[in-house]
Amino acid sequence: MRILLSIDDSDWTEIWSAGAGDSGSFERYLWKFVDGKPLQPRRRGLREIPARSEVSDALSADLKRRGFKFVGSTILYAFMQAVGMVNDHTRDCFRYRDLA
């Protein structure tokens with residue numbers, strides 16, 4: 001929701017429609033960046049979890065090109081974690097196996 005509310009003086013649907021022809025939906029667009037399945041980095045400890053990644057860098061750049069604001073790489077990496085696009089649970093976490 002924050003992404004949608006952070007577009008300057010424009011209706012987000014107009015911005016999205018103008019560039020979404022290749023994806024068709026925002027969901028398909030997002031999952032295209034991870035080839036349709038969650039990334040499984042197999043982290044050993046919390047210090048290995050980055051604040052951003054090459055994928056979040058690419059997503060950020062593409063959304064900015066499409067007119068979105070407040071879509072930095074760090075924010076988008078946190079978004080990717082929240083929606084399950086990346087499994088950053090450490091291997092010793094009780095949730096890791098369920099999500100791997």
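How many aromatic pairs does a search of the whole structure find? I started my notebook with that one, and the search finds three. Before going on, I noted that this is a predicted model.

**Entry 1: the aromatic rings**

I looked at Phe26 and Tyr29 to begin with. Their rings form a stacked pair, with 6.0 Å from centre to centre and 25° between the planes. Both residues sit in helix H3, three residues apart, which is about one turn of the helix. I also checked burial, and both Phe26 and Tyr29 are buried.

Next I looked up Tyr29 and Phe33. Their ring centres are 5.2 Å apart and the planes stand at 80°, so I wrote this pair down as edge-to-face. Tyr29 has a relative accessibility of 1%, and the cut-off for buried is under 20%, so Tyr29 counts as buried. Phe33 has a relative accessible area of 23%, so I listed Phe33 as partly exposed. I then asked which residues form the aromatic cluster, and found Phe26, Tyr29, Phe33 and Phe68 together in one.

**Entry 2: the whole chain**

I stepped back for the overall picture. The protein has six helices and zero strands, and from the N terminus on its elements read α-α-α-α-α-α. Of the 100 residues in the protein, 32% are buried. I looked up the accessible surface too: it comes to about 6600 Å², and carbon and sulfur atoms hold 52% of that. For contacts with a separation of 6 or more, I found that 60% are between residues 24 or more positions apart.

**Entry 3: the nonpolar core**

Which residues touch the most other members of the largest nonpolar core? I found Tyr29, Leu30, Leu59, Leu63 and Met80, out of 14 residues in that core. Helix H3 (26–32), H4 and helix H5 (73–83) are the elements that give two or more residues to this core. As a reminder to myself, nonpolar side chains in soluble globular proteins tend to be buried together.

Setting aside its neighbours within four places in sequence, Leu30 is in contact with Leu59, Phe79 and Met85.

Is Ser60 buried or exposed? Ser60 belongs to helix H4 (residues 54–65), and its relative accessibility is 5%, so Ser60 counts as buried. Not counting residues up to four places away in sequence, I found Ser60 touching Val71, Gly72, Ser73 and Leu76.

I then moved on to Arg66, which lies in the loop between H4 and H5. Its relative accessible area is 12%, so Arg66 is buried. What joins the side chains of Arg66 and Asp62? I found a polar contact of 2.8 Å there.

**Entry 4: helix H5**

My last stop was H5, where I listed the buried residues: Ser73, Leu76, Tyr77 and Met80. Seen down the axis of H5, these buried residues fall within an arc of 105°, so they line one face of the helix.

Notes: Residues are numbered from 1 along each chain as its sequence is written. This is a predicted model: local features need pLDDT of at least 70, side-chain atom pairs count only at pLDDT 80 or more; totals for chains, interfaces and linings use all residues. Side-chain values use heavy atoms; hydrogens and water are left out. Helices (H or I, at least four residues) and strands (E, at least two) are DSSP runs, numbered from the N terminus. Buried means under 20% relative accessible area, exposed over 50%, partly exposed in between (1.4 Å probe, protein chains only). Contact means heavy atoms within 4.5 Å. Accessible areas come from the Shrake-Rupley method with a 1.4 Å probe; for residues, only the protein chains shown count as cover. A nonpolar core is a set of buried Ala, Val, Leu, Ile, Met, Phe, Trp, Tyr and Cys residues joined through side-chain atoms within 4.5 Å. Rings of Phe, Tyr and Trp (its six-membered ring) pair if their centres lie within 6.5 Å; planes under 30 degrees apart count as stacked, over 60 as edge-to-face and the rest as tilted. A polar contact is a pair of N or O atoms within 3.5 Å; within protein, one must be able to donate a hydrogen and the other to accept it, and residues adjacent in sequence count only if both atoms are side-chain atoms. The arc is that of the directions from the helix axis to the C-beta atoms.
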